[in-house]
Amino acid sequence: MAKIPSPELLIGAHTSAQGGAQNAIWMGQEIGATTVQFFTSNQKRWSGKEITQQQVELFQEAVKATGLCQLMSHDSYLINLGSSNPSVLHKSQKAFEEELIRCQKLGISFLNFHPGAAVGATEEQCLNNIVASLEQFEELISHGATRLLIETTAGQGSTVGYCFEHLAYLIEKLHKKIPIGVCIDTCHIFAAGYDIRTKTGCEKMLKDFERIIGMKHLYAFHLNDSLKPLGSRRDRHAPLGKGEIGIECFKVLMKHPKTRCLPKYLETPDGPPLWKKEIAMLREFADL
């Protein structure tokens, strides 16, 4: 069995759970990961299959055998908890509830989600709808240990969450009611206008996060380079160091005392062969 690298560095990727969630864990081990993100259900369908006890046991066996931890689920791309359309909002809330239940059954640490889109409404109305949607799950969330993580967005179309002020609004309204936090996607914040190409730029971004939201609310990163330029508002991922961000940002995040030990999940293209190389590269950055 492959040796698990340095446990204090939680680095992984979005691995495939095809054939069962346990397979995402085994793939994580194959690429040298110490954590992974995965879909607990088909991300392009409103309703997913219920997790059976047998599936839970297979998953837990894989987790125990590999030592992977701080596991993260990514919810369905269809979900819009800020929708102004009653039908879409109802389906989104139901799908999110089902996702949360699956996470709790599997014992997943984080449920990562895109906040929502202000289709036919103002951004403020969308943000308030998100708050109201999540407040409905207060009792359910208390039954498990899963923390909700709001993912930063690129601001494509009418999506909210592209600026720290949006996230701060949601966190302020919700953090005393439910376990919640933020996952920064490097491609997304760059496309949204945060210049993280240099050490100075990264440090400014982190200082802005501290001032506007608070570092205590930052729990994870999606590490991705960007095919599109700064402020493009377009979400297109690239391999680390092969896009518009460049490699310096990822060196900084692997060494900075406030971000070094936070879980980091790759969503770069090309799959396992690339992830294995990028995970090894990130570990080298941390040890330089």
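Colleague: How far apart are the mean positions of the positive and negative charges of the chain?

Modeller: Lys and Arg count as positive, Asp and Glu as negative, with His and the chain ends not counted; each charge is placed at NZ of Lys, CZ of Arg, CG of Asp or CD of Glu. In this chain, the mean positions of the 32 positive and 31 negative charges lie 3 Å apart. The model is predicted: local features need pLDDT of at least 70, side-chain atom pairs count only at pLDDT 80 or more, and totals for chains, interfaces and linings use all residues. Residues are numbered from 1 along each chain as its sequence is written, and side-chain values use heavy atoms, leaving out hydrogens and water.

Colleague: What percentage of the residues is buried?

Modeller: Buried means under 20% relative accessible area, with a 1.4 Å probe and protein chains only. Of the 288 residues in the chain, 54% are buried.

Colleague: Which residues touch the most other members of the largest nonpolar core?

Modeller: In soluble globular proteins, nonpolar side chains tend to be buried together. A nonpolar core is a set of buried Ala, Val, Leu, Ile, Met, Phe, Trp, Tyr and Cys residues joined through side-chain atoms within 4.5 Å. The largest one here has 79 residues, and Phe96, Leu134, Leu148 and Leu282 touch the most other members. A second, separate core of 6 residues includes Met72 and Tyr265.

Colleague: Which residues does Leu148 touch?

Modeller: Contact means heavy atoms within 4.5 Å. Not counting residues up to four places away in sequence, Leu148 touches several residues, among them Phe96, Leu111, Ile141 and Pro179.

Colleague: What box do the C-alpha atoms fill?

Modeller: Along the principal axes, the box is roughly 50 × 50 × 30 Å.

Key: Buried < 20%, exposed > 50% of the residue type's maximum accessible area, 1.4 Å probe, protein only.
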